[in-house]
Amino acid sequence: MNPIAIKPARVKALLAASRRSRILVVGDVMLDQFIWGRVSRISPEAPVPVVDFERENFMPGGAANVARNLSALGARAEIFGVVGRDHAAMQLRLHLTEQRVDCAGL
C-alpha cells in the first residue's frame, strides 16, 4: 500500500482557500462534559470506579466541534442544528461565539 503524501505547498494553498470560505455545518450539535478526578476505589455495590471529583470542563461536540475546527483553520463557519432552551444550550452558544462560529442557525 502506497500512502499518498500531500506536499506542503498544497497544504498551504488549502489553508489559504479555507480562509476565504464560508462553510455551513449541519448536524447534531452537543456540549461535551468532561469530569476530572481520581479513582480512589472500586464500589462494593457494583464493579465501577468511585471518582473523587476535582474539576469539570465543557467543549462543543459533534457538528459543533467540526464548526469550531473550521473556524480555527480560518474559515467563516456557521452552524445549523437544534438545541434546547436550557443552560447547556446557552453554554454551547457562548463557547462557539468565543471561537468565532456564527450561531444564528441554532
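Helices are DSSP runs of H or I with at least four residues, numbered from the N terminus. The model is a predicted one.

Just after helix 3, Arg-100 adopts a positive phi of about 60°. Helix 3 itself covers residues 87-98; at 1.5 Å a residue its 12 residues should span 16 Å, and the 17 Å between its end C-alpha atoms agrees with that.

Buried positions in helix 3 are Ala-89, Gln-91, Leu-92, His-95 and Leu-96. Viewed down the axis of helix 3, these buried residues fall within an arc of 160°, so they line one face of the helix. An α-helix has 3.6 residues a turn, so residues three or four places apart point the same way. The packing partners of the buried residues of helix 3 are strand 2 (29-42), strand 3 (49-62), helix 2 (63-72), strand 4 (76-80) and strand 5 (102-105). On the face turned away from the buried side, helix 3 carries the exposed residues His-87, Met-90, Thr-97 and Glu-98.

The whole structure contains two salt bridges. In one, the side chains of Glu-78 and Arg-22 meet at 2.4 Å, N to O. Glu-78 belongs to strand 4 and Arg-22 to strand 1 (residues 22-26), so this pair ties together parts 56 residues apart in sequence. Arg-38 forms a salt bridge with Glu-54, their closest N and O atoms being 3.2 Å apart. That pair links distant parts of the chain, with Arg-38 in strand 2 and Glu-54 in strand 3, 16 residues apart.

The table lists the accessibility of the paired residues.

| Residue | Relative accessible area | Class |
|---|---|---|
| Glu-78 | 19% | buried |
| Arg-22 | 57% | exposed |
| Arg-38 | 59% | exposed |
| Glu-54 | 44% | partly exposed |

Terms used
Residues are numbered from 1 along each chain as its sequence is written. This is a predicted model: local features need pLDDT of at least 70, side-chain atom pairs count only at pLDDT 80 or more; totals for chains, interfaces and linings use all residues. Side-chain values use heavy atoms; hydrogens and water are left out. Helices (H or I, at least four residues) and strands (E, at least two) are DSSP runs, numbered from the N terminus. The expected span of a helix is 1.5 Å times one less than its number of residues. Buried means under 20% relative accessible area, exposed over 50%, partly exposed in between (1.4 Å probe, protein chains only). The arc is that of the directions from the helix axis to the C-beta atoms. Contact means heavy atoms within 4.5 Å. A salt bridge is a side-chain nitrogen of Lys or Arg within 4 Å of a carboxyl oxygen of Asp or Glu.
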